[in-house]
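Subject: Structure for your files

Hello,

Here is the structure to look through. My notes follow below it.

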Amino acid sequence: MDFYGINPSVLIASLMAASVPIMLAAIGELVVEKSGVLNLGVEGMMIMGAICGFITAVETGSPFLGFLGGALGASVLSLIFVLLTQVFLANQVATGLALTLFGLGLSSLVGQGYVGIKPPATGAIPFGPLADIPFFGRVLFRHDWMVYASIAIIAGVWAVLKFTRAGLILRAVGESHDAAHALGYKVIRIRVMAIVFGGAMAGLGGAYVSLVRVPQWTDGITAGAGWIALAIVVFASWRPWRVLVGAYLFGGITVLQLNLQASNEFPIKIPVEYLAMSPYLITILVLVIMSSGRGRASLNAPASLGQNFHASH
Amino acid sequence: MFILEKRPTPSKFWAWGTPFLAVVLTMIAGSIMFAVLGKNPFEAIRTIFWDPLFNEQFAAYSRPQLLVKAGPLILIAIGLSLGFRAGIWNIGAEGQYIMGAIFGAGVGLAFYPLDAFYIFPLMVIAGAAGGLLWAMIPAILKTRFSTNEILVSLLLVYVAENILASMSLGLLRNPEGGGFPGSRNLSQYDAAANHELFAGTGMHWGVVAAFIAVIASYILLQRHMLGFQIKLAGQAPRAARFAGVSPNKLVVLCMAISGALAGLAGVFEVSGPAGQISIDFNVGYGFTAIIVAFLGRLNPIGILLAGLLMALTYIGGELAQFMLGLPSAAIQAFQGMLLFFLLAVDLLSNYRIRLMLFAKEAR
């Protein structure tokens with residue numbers, strides 16, 4: 001049951017893996033934006049996560065510690081964003097850009113000695129006979145643990161935002177920091193926690209790129225995934241489950257274009273470069289659809305998004 | 001404890017003082033970074049900031065490079081600064097730079113091997129048009145569909161990079177290049193080449209254009225109604241709308257100017273210092289120009305100085321790479337650090353820091 005040499009079950013299985021990095025980075029950014037902070041440094045944090053995770057995994061030989069190291073490295077970088085925007089009250093857009101520029105430079109500096117090394121493999125979870133079920137075994141039960149963990153994180157964020165007091169406070173801070181402050185909530189402290197969580201998630205996503213997706217270290221390895229993650233948050237209208245849909249959509253396009261690049265049987269030959277630019281073009285197209293007309297995503301945006309909070313009294 | 005008190009108007013002194021403070025702080029933090037990398041920090045700082053200008057051995061080569069590198073940075077940063085002032089975030093200048101280079105080089109190569117005086121001017125116009133058209137995509141999507149211009153302009157950089165790869169492998173590839181990627185060398189094609197105007201200075205048409213842009217933008221911001229509207233829209237968007245400033249018109253105009261200038265930088269680079277369209281012909285000027293714009297405090301004269309300083313770090317970085325074995329990525333991290341310090345010390349111009357020893361009485 002192949003289409004032009006592309007097997008659908010393999011395609012679905014690989015799109016689930018391909019969407020993990022953007023899904024993790026986007027769900028982290030969703031929490032950050034829900035608290036009213038716009039951190040455009042996702043790309044920088046992802047790539048720091050990619051190199052820190054890679055180094056940790058290579059040095060310790062453990063992919064699990066690698067993911068932990070990636071999350072840690074990126075959250076340390078996000079602390080710079082915290083310091084600048086929450087303490088020094090700097091412009092969030094500019095600081096996010098600085099974070100990306102700095103992260104790209106620092107990661108290639110740190111990663112110099114690690115080019116061309118193979119990291120320890122992150123194996124698939126053995127599901128035994130389940131993995132042999134036709135079609136569904138291939139699609140659902142032959143993944144590494146991060147694929148399942150990322151979906152669990154989405155569910156967790158959704159549940160916390162919707163059902164818990166902590167989620168309510170986080171949303172209150174994002175909708176109106178003045179009102180939240182007047183009610184006695186520590187606006188800055190809550191935002192700091194959200195930003196660090198966003199950093200850790202971006203780091204996990206980055207580590208997944210360098211440890212599983214590629215798996216290797218090269219400069220600029222994330223190739224704009226952080227920016228696509230930012231776009232997915234808009235696409236998702238700040239709703240956790242829609243992040244999952246968005247990430248699968250873009251993961252699907254990425255995998256499909258990679259398969260088309262490799263397929264010899266597809267009747268129309270599209271040049272590699274045009275296939276490679278398609279995920280970015282479709283991201284733009286989706287952004288346009290989501291931000292125009294009746295389905296305006298911006299109506300759903302947290303009201304205090306991007307504004308700094310300074311308690312004057 | 002310390003308490004921040006908002007100033008009624010930003011401090012004049014710190015408006016000029018913060019860039020210098022940021023540079024000093026970056027040098028200190030950079031020294032620490034170089035020391036961690038196992039290099040002598042004093043030697044590294046001297047190699048980056050002093051040797052390119054005053055070392056007898058290197059200055060002859062490095063001094064002209066200062067203008068060659070500063071030209072595109074200033075040209076792009078001037079355009080970006082207008083948008084940033086009005087709160088319009090075009091961060092995809094790298095893409096507009098690439099498209100300008102492709103359009104310009106395309107026109108030049110179409111005439112090959114004709115020798116005529118009008119080829120180079122046509123290339124310049126095509127380059128500006130290429131950058132402008134590429135910048136119009138986020139501008140029109142923003143005004144028509146209120147799509148976020150930050151994300152669109154940035155994503156278009158990746159699209160432009162792929163177009164660049166496709167061009168240097170396909171349409172614009174040198175037919176006599178033996179199958180290697182990359183176009184004909186424009187700097188060897190006289191009618192299309194952007195030569196050095198005065199030997200040994202590094203002065204080429206791109207640098208001239210950068211100086212003109214600085215002067216024009218200074219006049220625009222200080223003496224022209226449009227400049228006033230740009231500043232007003234950035235500082236008080238609501239007041240600007242009541243005063244009859246059309247936000248959409250400003251978006252299109254600011255994006256058009258920054259796109260055209262980035263495109264110009266691209267065509268001057270591809271016909272001069274770079275010489276040809278190749279897969280990795282762009283070196284990130286479009287992103288570094290963002291740092292230049294902020295370091296110059298979005299002020300034309302400031303941008304001129306900031307562009308020269310940033311060019312110095314590029315040249316000094318190359319020298320340090322060559323002399324001390326300092327990795328090239330170190331200089332990129334160094335430039336990123338500079339932007340951090342700038343944004344951090346900007347606090348001083350908008351807030352007073354008060355030391356509150358007797359907090360209760362002070363209230």
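What is the handedness of the crossing of helix 5 of chain B and helix 7 of chain B? The crossing is left-handed. Please keep in mind that this is a predicted model.

Helix packing in chain B

Two packed helices are described by the angle between their axes and the distance between the axes. Here, helix 5 (residues 93–111) and helix 7 (residues 149–169) of chain B pack at an angle of about 25°, and their axes are 8 Å apart. Angles under 35 degrees count as roughly parallel, so helix 5 of chain B is roughly parallel to helix 7 of chain B.

On the side of helix 5 of chain B, the contact is made by E94(B), G95(B), I98(B), M99(B) and I102(B). Their partners in helix 7 of chain B are L156(B), V157(B), V159(B), A160(B), E161(B), I163(B), L164(B) and M167(B). Sorted by class, this contact has 10 nonpolar, 1 polar and 2 charged residues.

Positive phi in chain A

Most residues other than glycine have a negative phi. L89(A) is not a glycine, yet its phi is positive, near 55°. L89(A) sits in the loop between helix 4 (63–87) and helix 5 (92–110) of chain A. With 19 other C-beta atoms within 10 Å, L89(A) is partly exposed.

S237(A), also not a glycine, has a positive phi of about 45°. S237(A) lies in the loop between helix 11 (225–235) and helix 12 (240–262) of chain A. S237(A) has 17 other C-beta atoms within 10 Å, so S237(A) is partly exposed.

Regards

Definitions and conventions. Residues numbered from 1 in each chain as written. Chains lettered and ligands numbered in written order. Predicted model: local features only at pLDDT ≥ 70, side-chain atom pairs only at ≥ 80, totals over all residues. Axes fitted to C-alpha atoms, helices over the stretch in contact; angles between N-to-C directions. Helix = DSSP H or I, 4+ residues; strand = E, 2+ residues; numbered from the N terminus. Parallel < 35°, antiparallel > 145°, perpendicular 65-115°, else oblique. Left-handed = near helix turned anticlockwise from the far one by under 90°. Contact = placed C-beta atoms within 7 Å. Nonpolar A, V, L, I, M, F, W, Y, C, P; charged D, E, K, R; others polar. Buried ≥ 20, exposed ≤ 12 C-beta atoms within 10 Å, placed from the backbone.
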